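Reader: Could you please take me through this structure? I am new to reading models of this kind.

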Amino acid sequence: MALDASFIGRTYPPTEVYEVGREKIREFALAIGDANPLYTDQEAAKALGHPDVLAPPTFSFTLSYTAAAQVVQDPDLGLDFSRVVHGDQKFIYSRPLRAGDRVRVLIGIDNIKSLAGNDVLTVRGEIVDESGEHIVTSVMTLVARAADEAAGE
């Protein structure tokens, strides 16, 4: 069953404040195999004019994906998450995310369309600091694969 296009533009409550931690950034950088000292060495980051270590650009996915749970778990939307694959991801930065930032994620649905029986859902997460300053926009595309009618689904 196709997702209801009337959900386009729907927003969800902002997340609780999340404090970006130096150790979380270091763990993430190690996990993705990026040895850039800007992600692990506070003195290296300060030498380049940053107040603390920076998060790798894809670190913000961990925040926006967690916030997107509000969308995928919305019973009124009717998304069958067992059929969902991650179709695309992009980030639009105003400034780097860094250790010590206290942020919230404002999540909403940008688009819903049907392609070849598959539902394509575009979810936008605006990551802002406590003062409301924009840091990064995360745009993820989720594809809910069509049911296999031959298998009786």
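This is a predicted model: local features need pLDDT of at least 70, side-chain atom pairs count only at pLDDT 80 or more; totals for chains, interfaces and linings use all residues.

Reader: What is the order of the strands in the open sheet?

Author: The order is β1-β3-β4-β5-β2, and the pairing of these 5 strands is antiparallel. At the edges are β1 (18-19) and β2 (84-93), each of which pairs on one side only.

Reader: What holds paired strands together, in general?

Author: Strands of a sheet pair through backbone hydrogen bonds.

Reader: How many bridges join β3 to β4, and how many join β4 to β5?

Author: There are 12 between β3 and β4, with L106 and E126 as one of the partner pairs. Between β4 and β5 there are 10, and here G125 is partnered by S138.

Reader: And what about the turns; which residue has a positive phi in each hairpin?

Author: In the hairpin of β3 and β4, with 2 residues between the strands, A116 has a positive phi near 55 degrees. The hairpin of β4 and β5 has 4 residues between its strands, and G132 in that turn has a positive phi of about 95 degrees.

Reader: Is β4 mostly covered or mostly uncovered?

Author: Mostly covered, as 9 of its 12 residues are buried. D119 lies in β4.

Reader: What does the side chain of D119 reach, then?

Author: The D119 side chain reaches the backbone nitrogen of L3, at 3.3 Å.

Methods: Residues are numbered from 1 along each chain as its sequence is written. Side-chain values use heavy atoms; hydrogens and water are left out. Two strands pair if DSSP finds at least two bridges between them. A polar contact is a pair of N or O atoms within 3.5 Å; within protein, one must be able to donate a hydrogen and the other to accept it, and residues adjacent in sequence count only if both atoms are side-chain atoms. Buried means under 20% relative accessible area, exposed over 50%, partly exposed in between (1.4 Å probe, protein chains only).
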